[in-house]
Amino acid sequence: MKNVLVLGAGLVARPLVSYLLDLPDLAVAVADVEVARAERLVAGHPRGRAVSLDIADKAALVAAVGRADLVVSMVPYTFHPLVAELAIEQGKHLVTASYVSPAMRELDARARARGVVLLNELGLDPGIDHMEAMRVIHEVHDRGGRIVGFTSWCGGLPAPEANTNPFGYKFSWSPRGVLLASKNPARFLKDGRIVSIPAEALFASPQIIPVPGLGGFEGYPNRDSVPYRETYGIPEAMTVLRGTLRYAGWCETLRKMVALGLLDETVKDRSGATFRDLLGELAGAAPGADARAAVAARLGLGTDAAILDRLDWLGLFAAEPLPVPQGSAFDNLAALMVDKLAYGEGERDMIVLQHEFLVRTASGLSERIVSTLIDYGLPGGDSSMSRTVGLPAAIGARLILEGKIRAAGVQVPVLPEIYVPILEELETLGLRFEEKRQVL
């Protein structure tokens, strides 16, 4: 019997835990600082165990890792290097769904020396996006073709019938993670030239991305796409861009929220203040002044602007006390959004992931390949986000324990031994790409 430790029992952990508990030769311990969340995931399964664990308690973490053959870390990404170090020291494998950080990358040599697999980026984005990209890229290369351009767009969104609020968004994973991602600068390759976009301009010029059967979405670049020319083995590519999809209106609204300072993380004592007071403060208004008018002037908007209506709907002009009076503007915004932008009972989320490859074939023809994954959550059941993040990690964990993934060190799913079996199994679980090819 193999033992798996799952660290974290958050929004995307249930399909992961369910998959692992369905494997007859595994015992699964789910550890969380809120043990009740872990208990709900284990649900009394005879091979499951809920553990109360504070990730900051190093002694308890060392002991928990030591009892496992493999660890799946679903805690915030900043803790992954610590977990990885402990895993290496005790000869345990590790799976995460997060980007490889510089601190994680530094552990590569030590992990290789111990024969430990540190398999990262095994979720949706990053994760399934890498795997499908590599499947097509390797197929093109095997036929003697070249990848001239690669663009990838991914969004976790409300299904059309659940798109019921002015923001066009609801949270299916960490609200703080969504908002923090909006503060990242971006770089990508376009027609052989590196384009750099500072964080404050991230939402300034969204593209309109058509998705079959769903219409157009706003798309903006995600992090640094340039290294993926090397990661994906496509040095011939002149365009490489990975981006995020949102419903129309999101980008301009977030751009104005950033400009106003709502995502500022400076902690300040605002005891007794309301959201209206906070907005007036950020707009530089005198105490007691009309907050909406002050924000409009600060942002160069008319007082009847749709963006102000969205902020009003959210509750930012209300005389409601701040939920985190000793926190930052960001803390209070996140607390408000997690409540207002929540999924209702029975509502579905939706995942849209679309790759476009511009190819020069061995015979000199130009071809466009578009590969699209559209998936919906199950009403009253698992969200699509939790399935697309949790299932790849679970399958990867199983493959490592079965000895089918042997590449030690810090890995991402770009090797055939990793992505081929995971994509094949995801298809059996209903996560399937539709591919279209067009000769140009």
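Student: What should I know before I start?

Tutor: This is a predicted model, where local features need pLDDT of at least 70, side-chain atom pairs count only at pLDDT 80 or more, and totals for chains, interfaces and linings use all residues. Residues are numbered from 1 along each chain as its sequence is written, and side-chain values use heavy atoms, with hydrogens and water left out.

Student: In what order do the seven strands of the open sheet stand?

Tutor: Strands of a sheet pair through backbone hydrogen bonds, either parallel or antiparallel. Helices (H or I, at least four residues) and strands (E, at least two) are DSSP runs, numbered from the N terminus. Two strands pair if DSSP finds at least two bridges between them. Here the order is S3-S2-S1-S4-S5-S6-S15, and the pairing is parallel.

Student: Which strands stand at the edges?

Tutor: Strand S3 (48-52) and strand S15 (409-411) do. Each has a single partner strand, so one side of each is left without a neighbour in the sheet. Neighbouring strands of this sheet are turned by 20° against each other on average, direction ignored. For such angles, axes are lines fitted to C-alpha atoms, for helices over the stretch in contact, and angles run from 0 to 180 degrees between N-to-C directions.

Student: How many bridges join strand S1 to strand S2?

Tutor: Six bridges join S1 (residues 2-7) to S2 (residues 26-32). Asn-3 stands opposite Ala-27 in S2.

Student: Which strands pair with S7?

Tutor: Take S13 (residues 349-360): it pairs with S7 in the antiparallel sense, over 12 bridges. Strand S12 (residues 239-246) runs parallel to S7, joined by six bridges. Find Trp-153 to see both pairings. Trp-153 stands opposite Gln-354 in S13, and its bridge partner in S12 is Gly-243.

Student: Is S7 (residues 146-158) mostly covered or mostly open, and how many of its residues are buried?

Tutor: Buried means under 20% relative accessible area, exposed over 50%, partly exposed in between (1.4 Å probe, protein chains only). S7 is mostly covered, with 11 of its 13 residues buried.

Student: What does the side chain of Gln-354 meet?

Tutor: A polar contact is a pair of N or O atoms within 3.5 Å; within protein, one must be able to donate a hydrogen and the other to accept it, and residues adjacent in sequence count only if both atoms are side-chain atoms. The side chain of Gln-354 makes such a contact with the side chain of Thr-372, at 3.0 Å. Thr-372 is found in strand S14 (residues 366-376). It counts as buried because its relative accessibility is 9%.

Student: And is Pro-210 buried or exposed?

Tutor: Pro-210 is exposed because its relative accessible area is 56%. It is found in strand S10 (residues 207-211). Contact means heavy atoms within 4.5 Å. Not counting residues up to four places away in sequence, Pro-210 touches Gly-215, Gly-216 and Gln-354.

Student: How many residues does the largest nonpolar core have?

Tutor: In soluble globular proteins, nonpolar side chains tend to be buried together. A nonpolar core is a set of buried Ala, Val, Leu, Ile, Met, Phe, Trp, Tyr and Cys residues joined through side-chain atoms within 4.5 Å. The largest one has 94 residues, and those with the most contacts inside it are Leu-7, Leu-20, Val-72 and Leu-118. Helix H15 (residues 384-401) gives the most to this core, with 10 residues. Apart from it lies another core of 55 residues, among them Met-257, Phe-317, Leu-333 and Val-352.

Student: What covers the buried residues of helix H14?

Tutor: The cover includes helix H8 (175-181), helix H10 (250-260), helix H11 (275-283) and helix H13 (306-314). The buried residues of H14 include Phe-330, Leu-333 and Met-337.

Student: Which backbone angles deserve a look?

Tutor: Most residues other than glycine have a negative phi, and most peptide bonds are trans. Asp-191 has phi near 50°, a positive value. It sits in the loop between strand S8 (186-190) and strand S9 (193-197). Arg-223 has phi near 55°, also positive. A cis peptide bond joins Asp-125 and Pro-126, with omega about 15°. Pro-126 lies in the loop between strand S6 (117-119) and helix H7 (128-142).
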